[in-house]
Amino acid sequence: MRNDNGALLKVDGLEAWYGESHILHGMKFDVHQGEVVTLLGRNGAGKSTTMRSIMGMVAKRKGSVTFEGTETIAMNSNKIARLGVALCPEERGIFASLNVKENMVLPPVVKPGGLPLSEVYDLFPRLAERANSQGTKLSGGEQQMLAIARILRTGATMLLLDEPTEGLAPVIVQHIGDIIRKLKERGFTILLVEQNFHFAATVADRHYVVEHGHVIDMIPNAELQANMGKLKGYLGV
Amino acid sequence: MMTLFGIPTAALFGQLLLGLINGAFYAMLSLGLALIFGLLNIINFSHGAQYMMGAFVAWLGLTYLGANYWVALALAPVIVAAFGIVLERTMLSRLYKLDHLYGLLLTFGLALIIEGFFRQLYGISGMPYAVPKELAGGWNLGFMYLPIYRAWVVFASLVLCIGTWLLIEKTKLGAYLRAATENPALVQAFGINVPVMITLTYGFGVALAAFAGVLAAPIYSVNPLMGSNLIIVVFAVVVIGGMGSIMGSIVTGFMLGILEGLTKVVYPEAAGTVIFMVMVIVLLIKPAGLFGKGA
């Protein structure tokens with residue numbers, strides 16, 4: 001059954017726990033086809049936990065997460081991935097025992113329509129040059145590129161990018177911004193976790209502000225400048 | 001009589017061959033242990049009992065069903081692996097998030113139960129298992145007599161070890177396995193059914209032990225304690241090679257078998273302990289093992 005508001009991803013009343021710690025307290029937001037949406041918030045607000053919960057990687061969770069109208073809250077992560085959702089984790093998750101090429105082709109193709117490997121290398125030429133290097137021998141920026149690149153060929157249409165610019169040099173951040181805009185042009189839908197709202201403003205359509213495990217505000221990107229004071233207050237900067 | 005370094009060549013090469021054969025068993029068993037430890041985080045102490053089960057399935061098949069050696073070589077690993085998979089699903093899978101010690105204790109208990117069961121039924125005197133007629137006899141190489149069956153064991157074990165290494169290092173399935181050893185949650189989030197992969201890996205590791213057990217049946221007598229006698233040495237091999245290292249297990253298995261064989265020629269009194277002496281030295285100098293990462 002499809003959502004009545006036509007959202008590709010709809011999160012409603014999402015709660016999640018790590019052990020006894022209650023992290024998410026009723027997250028509610030949606031992402032439409034072809035949008036780039038960010039989750040902004042302070043450290044520990046629950047942004048990454050939201051990503052991991054959508055991906056099915058948090059064992060204890062309840063509420064509702066629907067993707068293309070399919071309820072995924074009780075699904076294992078491998079089933080969710082097969083629907084066309086892919087995660088680029090905050091810690092990048094590059095496998096040390098695999099080389100760049102092996103890391104790149106590790107995620108299986110879950111749906112038709114993913115980018116061919118040659119196009120992925122066109123977007124990230126540096127990775128083609130380093131195809132035979134061990135994954136963890138790459139620089140931080142190259143590892144981040146690899147973490148994004150490897151989910152583009154799987155056919156996933158919904159990309160969850162968890163802090164892709166964290167700890168990277170400005171020139172690399174700019175490159176990742178370019179990539180995100182290109183992916184949007186190609187029709188990917190992207191949910192982005194960011195602490196750097198200056199960067200988020202250059203790529204996103206809308207921003208959700210997260211605090212204490214729930215959404216406290218939504219700011220369309222066009223209104224970001226007008227709401228800058230409020231946003232800085234939320235983020236404590 | 002030909003001699004080399006003052007030692008009769010027949011004795012020297014005879015012991016080398018024995019060492020190579022022992023090494024073949026060390027390699028096959030430690031390979032299975034390394035695979036299981038890598039992905040499941042379980043120190044599979046019941047590995048020796050599963051090796052013994054492989055030999056017993058071969059013996060029971062021949063005795064009661066007339067199934068010959070080749071049938072046993074094909075079917076015993078499957079049967080024992082199925083038994084292993086039941087253990088994994090019903091018991092081991094509950095322990096993955098706990099300390100290694102719990103898995104070790106559970107599998108140690110299982111080994112005692114399995115061995116006790118076979119002891120109760122068949123005693124400890126050991127049952128003979130004939131060398132298959134295709135592999136009976138031997139070749140006189142001039143400097144030594146080479147029994148065909150023993151050459152076959154070394155050959156089969158090399159094929160098995162190299163095949164397993166290629167499977168893990170050079171195939172997509174192997175890449176999934178290596179990746180899941182590092183970060184199973186992320187591999188599952190890519191769409192791979194990691195729990196099924198873990199179960200099949202345990203089954204495969206157990207099948208390797210059972211295959212070794214069938215190979216061993218015509219060399220050593222089939223008895224319920226054949227596994228427990230071997231498994232302590234195999235654990236030393238794994239420690240020396242490096243826990244979880246596939247190539248480490250294979251190379252160390254063969255090298256230590258040969259070292260043990262040579263020690264029997266040079267200083268027989270130390271043959272039973274030389275592997276443990278090497279283990280102590282390796283633990284002191286390179287605690288992660290010769291092929292292990294870190295330390």
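In chain B of this predicted model, helix H5(B) meets helix H8(B) through B:Tyr149, B:Trp152, B:Val153, B:Ala156, B:Leu160, B:Thr164 and B:Leu167 on the H5(B) side and B:Phe204, B:Leu208, B:Phe211, B:Val214 and B:Leu215 on the H8(B) side. Contact here means heavy atoms within 4.5 Å. Helices (H or I, at least four residues) and strands (E, at least two) are DSSP runs, numbered from the N terminus. By class, this contact has 11 nonpolar, 1 polar and no charged residues; Ala, Val, Leu, Ile, Met, Phe, Trp, Tyr, Cys and Pro count as nonpolar, Asp, Glu, Lys and Arg as charged, and the others, Gly among them, as polar.

H5(B) covers residues 148-170, and its axis comes within 11 Å of that of H8(B), with a crossing angle of roughly 170°. Axes are lines fitted to C-alpha atoms, for helices over the stretch in contact, and angles run from 0 to 180 degrees between N-to-C directions. The two helices are therefore roughly antiparallel to each other, given that angles under 35 degrees count as roughly parallel, over 145 as roughly antiparallel, 65 to 115 as roughly perpendicular and the rest as oblique.

H8(B), residues 194-216, also packs against helix H3(B), residues 69-90; these axes come within 7 Å and cross at roughly 140°. H3(B) and H8(B) are therefore oblique to each other. The crossing is right-handed; a crossing is left-handed if the near helix is turned anticlockwise from the far one by less than a right angle, and right-handed if clockwise. Residues of H3(B) in the contact include B:Ala72, B:Ala76, B:Val80 and B:Gly84, while those of H8(B) include B:Thr199, B:Gly203, B:Ala207 and B:Phe211. The residues of the contact of H3(B) with H8(B) divide into 17 nonpolar, 3 polar and 2 charged.

Chain A contains sheets. One is an open sheet of 4 strands in the order S2-S1-S4-S5, with antiparallel pairing; two strands pair if DSSP finds at least two bridges between them. S2 (21-31) and S5 of chain A stand at its edges, each with a single partner strand, so one side of each is left without a neighbour in the sheet. Helix H1(A) packs on this sheet, touching S1, S2 and S4 of chain A, and its direction makes about 110° with that of S1(A).

The pairings can be followed strand by strand. S1(A) and S2(A) are joined by 8 bridges, and A:Leu14 has A:Met27 as its bridge partner in S2(A). These two strands form a hairpin with 2 residues between them, and A:Gly19 in the turn has a positive phi of about 60°. On to S4(A): S1(A), residues 9-18, pairs with S4(A), residues 60-67, in the antiparallel sense over 7 bridges. In S4(A), A:Lys60 is the bridge partner of A:Trp17, and A:Val65 is that of A:Val11. S4(A) then pairs with S5(A), residues 70-71, over 2 bridges, where A:Phe67 has A:Thr70 as its partner. The S4(A)-S5(A) hairpin also has 2 residues between the strands, and A:Glu68 takes a positive phi near 50°. In a regular strand the side chains alternate between the two faces of the sheet.

Another open sheet of chain A has 6 strands in the order S6-S7-S8-S3-S9-S10, with mixed pairing. The twist averages 20° from one strand to the next. S9(A), residues 206-211, runs antiparallel to S10(A) and is joined to it by 6 bridges; A:His207 has A:Ile219 as its bridge partner in S10(A). H1(A), residues 47-54, packs on this sheet too, touching S3, S6, S7, S8 and S9 of chain A, with its direction at about 145° to that of S8(A). Helix H7(A), residues 170-185, touches S3, S7 and S8 of chain A, and its direction makes about 155° with that of S8(A).

The contact of the two chains takes 24 residues from chain A and 17 residues from chain B. The area buried between them is about 1,700 Å², of which carbon and sulfur atoms give 61%; buried area is the accessible area (1.4 Å probe) that two parts lose on being put together, summed over both. A:Asn78, A:Phe95 and A:Leu106 supply 32% of the area that chain A buries against chain B, more than any other three residues.

Residues are numbered from 1 along each chain as its sequence is written, and chains are lettered from A and ligands numbered from 1 in the order in which they are written. In this predicted model, local features need pLDDT of at least 70, side-chain atom pairs count only at pLDDT 80 or more, and totals for chains, interfaces and linings use all residues, while side-chain values use heavy atoms, with hydrogens and water left out.
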